[in-house]
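Open the model in your viewer and keep the selection tool at hand. Each stop below names something to select and then says what is there.

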2 protein chains.
Amino acid sequence: MNFAPLKNDRFLRALRRQPVDATPVWIMRQAGRYLPEYRATRARAGSFLALAKTPELACEVTLQPLDRFELDAAILFSDILTVPDAMGLGLYFAEGEGPKFERPIRTQADVDRLAVPDMAQELGYVIDAVTLIRRELQGRVPLIGFSGSPWTLACYMVEGGGSENFSRIKAMALNEPKALHQLLEVTTDAVIAYLAAQRAAGAQALQVFDTWGGVLSPRLYREFSLRYMARIAAELDRGQGAENTPLILFGKGNAAYLEELASTGAEALGVDWLVDLGEARARTGGRVALQGNLDPITLYADADTIRREVATTLESYGHGPGHVFNLGHGVSPDMNPELVRVLVDAVHEHSARIYSI
Amino acid sequence: MNFAPLKNDRFLRALRRQPVDATPVWIMRQAGRYLPEYRATRARAGSFLALAKTPELACEVTLQPLDRFELDAAILFSDILTVPDAMGLGLYFAEGEGPKFERPIRTQADVDRLAVPDMAQELGYVIDAVTLIRRELQGRVPLIGFSGSPWTLACYMVEGGGSENFSRIKAMALNEPKALHQLLEVTTDAVIAYLAAQRAAGAQALQVFDTWGGVLSPRLYREFSLRYMARIAAELDRGQGAENTPLILFGKGNAAYLEELASTGAEALGVDWLVDLGEARARTGGRVALQGNLDPITLYADADTIRREVATTLESYGHGPGHVFNLGHGVSPDMNPELVRVLVDAVHEHSARIYSI
């Protein structure tokens, strides 16, 4: 494919731990309900799933935050549960509730029926959206593709939707570990194929969201979450040399495992706000780039406070390459877009000052 | 006061890091809705608050789990929010929802009105319950008194109830740190007076529940949560020598701060399931006892799995004194009391085997 040359490579340079003129910034859920233009497109689409499954609309909302803010990366607009949906679980959204599956995985027979979906057939709408977005970006910034981690997908697949305490999947992990490993193996195969297809379609970086690894005890985290992310990092075709497509492993509650995550071969780790970036950097010893990690709730504070907290986060990481600024988790629907602008601009202004000292 | 001599001192010995014949065990929320006899008393009381505010009924439900299981400690049945209620915030329970305050703290003027409540006057029902329970225990096991941590109480006081993201109190921490510190100072004074009054009334150990410290970034945790628990540990009169009443600092998500918590002078730390007990022990170097830390969700697994997980937790702590077995958080209403029995018995049986090796 013949895409326009990249004009802003701060994000990719930071992921490769190369010097930058200012710290790149993007924001998890930057295309979302806090933006009135997103709400307008969503209303036009009729439903969230119609929005996510129509490449032209997914492209439209992906680009919206870039027209407002000086963001250094775009991220594919899609749902985290497209893969299990394509595996036949029947994703739907009940009014006022989160995502749910019509056919959750509860028995060995359910697990036995799971297979890696055909990417072009079952997930073609995502792959098409990636190529369309990459083309429409015209090289402004790089495009990030993504997937949920195998463990996080499995949480929804087994629980049948969101969960307060993850009792079904934890009981499965304890009572029927073999069945859960079988589920995770096939899901990992699917995630690897999905990310590889996004890369082939034009994604310039890839992120795995391990939203729920942090609910596990260390022993179960290593057995059921980390192990499968390590397999993704080892087996995913990310290209080589100049073609290398960096892999970011983001995890809520992953602070205790940064050394182990850095050893997977992933190029970068995304961290939440429960760890000091400077400490995370010291512990990973420059083997990976770090992405994060301002507490999203900071966006409920006032503009001056946001600027101060941005500066504190940048200074916590310190001088030198390898930092991508982000929130520690996603932006919320009731947050003020004008304060997102304050944050994005503060990242560039303060980091440029640091680098020019 | 003249109480019966203590017959089972495993729990207090473990908190003092003295040898025991078997690891003592109690369970957070052991007096609660998972027990049919609790539900019967609760129905008789008419409301949760009537139950918590009537010493005879609070005593009755405190003793119920001891009649069923071979637990090594009793814990005062009370609500975590009695102190802010006594400070005038107006605690109530909306049907099907958690606790709420009629008059949450939102402004500097609200903070200025806060004062340490009179223990005998405003919290006499708790103090009376402590003495009644201690008497009715007749020395079977020690009685634990407790309070919420200043930060955790402040979360409810500012949010006005439970919260998904703690946006109000975090915004206050960032925008108006002085007001929040003033709130925390007076609440800490109240917590110290409350725990001292429970000790004077007969409590033989004291636990501070820092349920929500783990939602804070490290910098804010140290400034707004840890600092006030350290003041409690330093200033609370716990007696001396044989009269010493051990203090346990429990915190969800406190794994990153164990060294600092061990330096407060508290006798023991309660930890959730997100840290390996052996690692916690190595990091705190025998300066404190450790309490925990089986994932409560293990109680949704089958009996054999529970026994195996109990053994793994005990072996993770390893040989030698200083371990009190507990869940990493409370037991849930839909858990099976018969599996709680399996857990309690497994702790004693397996640990006695360890000690006799």
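In what order do the seven strands of the open sheet of chain B stand? Select the strands of chain B: the order is β1-β4-β5-β6-β7-β8-β9, and the pairing is parallel. Strands here are DSSP runs of E with at least two residues, helices are DSSP runs of H or I with at least four residues, and both are numbered from the N terminus. Two strands count as paired if DSSP finds at least two bridges between them. β1 (74–75) and β9 (323–327) of chain B are at the edges with a single partner strand each, so one side of each has no neighbour in the sheet.

Before going on, note that this is a predicted model, in which local features need pLDDT of at least 70 and side-chain atom pairs count only at pLDDT 80 or more, while totals for chains, interfaces and linings use all residues. Residues are numbered from 1 along each chain as its sequence is written, chains are lettered from A and ligands numbered from 1 in the order in which they are written, and side-chain values use heavy atoms, leaving out hydrogens and water.

Next, select β6 (residues 247–251) and β7 (residues 268–271) of chain B. Four bridges join these parallel strands, and B:Gly251 is opposite B:Val271 in β7(B).

Now move to helix α5 (residues 82–89) of chain B. Seven of its eight residues are buried, where buried means under 20% relative accessible area, exposed over 50% and partly exposed in between (1.4 Å probe, protein chains only). Among the buried residues are B:Val83, B:Met87 and B:Leu89. Just after α5(B), B:Gly90 has a positive phi of about 75°.

Is B:Arg135 buried, partly exposed or exposed? Select this residue in helix α8 (residues 124–137) of chain B. B:Arg135 counts as partly exposed because its relative accessibility is 49%.

Turn to chain A and select its open sheet of seven strands, which has the order β1-β4-β5-β6-β7-β8-β9 with parallel pairing. Within this sheet, five bridges join β4 (residues 143–148) of chain A to β5(A), and A:Gly148 is opposite A:Phe209 in β5(A). Five bridges also join β5 (residues 205–210) of chain A to β6(A), where A:Phe250 is opposite A:Phe209.

Stay on β6 (residues 247–251) of chain A: five of its five residues are buried, so the strand is largely enclosed by the rest of the structure. In a regular strand the side chains alternate between the two faces of the sheet. Here A:Leu247, A:Leu249 and A:Gly251 point one way, and A:Ile248 and A:Phe250 the other.

Finally, show both chains. 28 residues of chain B are in contact (heavy atoms within 4.5 Å) with 28 residues of chain A. The chains bury about 2,100 Å² between them, 54% of it on carbon and sulfur atoms; buried area is the accessible area (1.4 Å probe) that two parts lose on being put together, summed over both. B:Leu174, B:Leu274 and B:Ile297 supply 25% of the area that chain B buries against chain A, more than any other three residues.

There are four salt bridges between the chains, each a side-chain nitrogen of Lys or Arg within 4 Å of a carboxyl oxygen of Asp or Glu. To see one of them, select B:Glu309 and A:Arg219, whose closest N and O atoms are 2.4 Å apart.
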